[in-house]
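Subject: The model we talked about

Hi there,

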Amino acid sequence: MVRSVISILFILLSSFCLKAEKKWVPAGDPLPIISRFNEVNSDVVSIRCSFIQEKYVDILEDKAISEGKYSYSAPDTVVISYISPEEYTISVTGNELSFSSEGKTATRKVSSDRRFSMLMDLMRTGGVPSSGEVSSYRIEAYDGGDEYRLDISSSRSNGADLEVIIDKEDMSLVSFRMKEGEEDYTMFIFKDKQIKFRQVQP
């Protein structure tokens with residue numbers, strides 16, 4: 001009897017895992033997807049959401065998981081607030097960046113460190129290039145039913161440097177995974193999204 005119950009549970013769990021696994025099929029030319037993504041996101045007025053950051057470094061045994069809140073207000077205000085395991089906030093308005101932690105705040109220019117401007121762009125667009133920049137990259141597009149996946153890499157690299165998942169319904173970012181070495185990577189997963197779009201004038 002116990003063996004029968006265990007067997008049934010195993011079958012059910014196996015079936016669930018198979019259903020949960022995303023099936024990606026080639027979507028052909030990525031340009032229409034990228035053009036639509038950029039067009040929709042150009043009308044975004046604000047974004048509010050939670051995120052999970054997963055970072056893997058080969059020399060460490062476990063992945064480092066962080067959680068936080070992200071907000072964007074057009075045209076150039078971004079706030080990234082980490083909640084756990086440590087609390088700190090990165091705020092950007094225009095070219096001014098503020099870093100707040102333990103009641104102390106430090107400010108600097110975004111242009112003083114290219115990494116900050118890259119991070120702001122990644123959180124906003126996932127690293128998806130503009131339509132005019134597509135020819136500078138090697139991009140493969142995949143269809144997962146309710147989502148698109150873009151594998152983006154430079155012409156000199158092997159494999160995808162950046163994997164971007166886009167929600168088909170509102171063309172918002174679901175996640176992006178950035179390669180940082182042979183096995184190392186940083187991944188952001190966005191959830192509980194609240195997005196406001198610019199109202200089209202009649």
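Strand 6 and strand 7 make a hairpin with 2 residues between them, and in that turn glutamate 102 has a positive phi of about 55°. Strands, like helices, are DSSP runs numbered from the N terminus (E for strands, at least two residues; H or I for helices, at least four). Serine 101 is placed opposite lysine 104 of strand 7.

Before going on, please keep in mind that this is a predicted model: local features need pLDDT of at least 70 and side-chain atom pairs count only at pLDDT 80 or more, while totals for chains, interfaces and linings use all residues. Residues are numbered from 1 along each chain as its sequence is written, and side-chain values use heavy atoms, with hydrogens and water left out.

How many of the 6 residues of strand 7 are buried? The number is 0, so strand 7 (residues 104–109) lies largely in the open. Buried here means under 20% relative accessible area, exposed means over 50%, and partly exposed is in between (1.4 Å probe, protein chains only). Serine 98, in strand 6, is buried at a relative accessible area of 18%. Serine 98 touches Thr89, Ile90, Ser91, Thr105, Ala106 and Thr107, leaving out residues up to four places away in sequence; contact means heavy atoms within 4.5 Å.

**The sheet**

The chain has 3 helices and 12 strands. The 12 strands form an open sheet in the order 1-8-9-10-11-12-2-3-4-5-6-7, with antiparallel pairing; two strands pair if DSSP finds at least two bridges between them. Strand 1 (25–26) and strand 7 are at the edges with a single partner strand each, so one side of each has no neighbour in the sheet. Helix 2 (residues 31–41) packs on the sheet, touching strand 2, strand 8, strand 9, strand 10, strand 11 and strand 12. The direction of helix 2 makes about 105° with that of strand 9; axes are lines fitted to C-alpha atoms, for helices over the stretch in contact, and angles run from 0 to 180 degrees between N-to-C directions.

Helix 3 (residues 114–125) lies across several strands, including strand 2, strand 6 and strand 7, and runs at about 140° to strand 11. Met120, Leu122, Met123, Arg124 and Thr125 are the buried residues of helix 3. Just after helix 3, glycine 126 has a positive phi of about 75°.

**The core**

In soluble globular proteins, nonpolar side chains tend to be buried together. A nonpolar core is a set of buried Ala, Val, Leu, Ile, Met, Phe, Trp, Tyr and Cys residues joined through side-chain atoms within 4.5 Å. In the largest one, with 34 residues, Tyr70, Ile80, Leu150, Val164 and Phe176 touch the most other members. Strand 2 (residues 44–56) gives the largest share of this core, 4 residues. The C-alpha atoms of valine 44 and phenylalanine 197 are separated by 4.4 Å, although the residues are 153 residues apart along the chain.

Most residues other than glycine have a negative phi, and most peptide bonds are trans. Where are the cis bonds here? One joins alanine 74 and proline 75, with omega about 10°, and proline 75 is in the loop between strand 3 and strand 4. Another joins serine 84 and proline 85, with omega about 0°; proline 85 lies in the loop between strand 4 and strand 5.

Methionine 171 has a positive phi of about 60° although it is not a glycine. Methionine 171 sits in the loop between strand 10 and strand 11 and counts as buried at 0% relative accessibility. Aspartate 192, in strand 12, also has a positive phi, near 50°, and counts as exposed at 57% relative accessibility.

Best wishes
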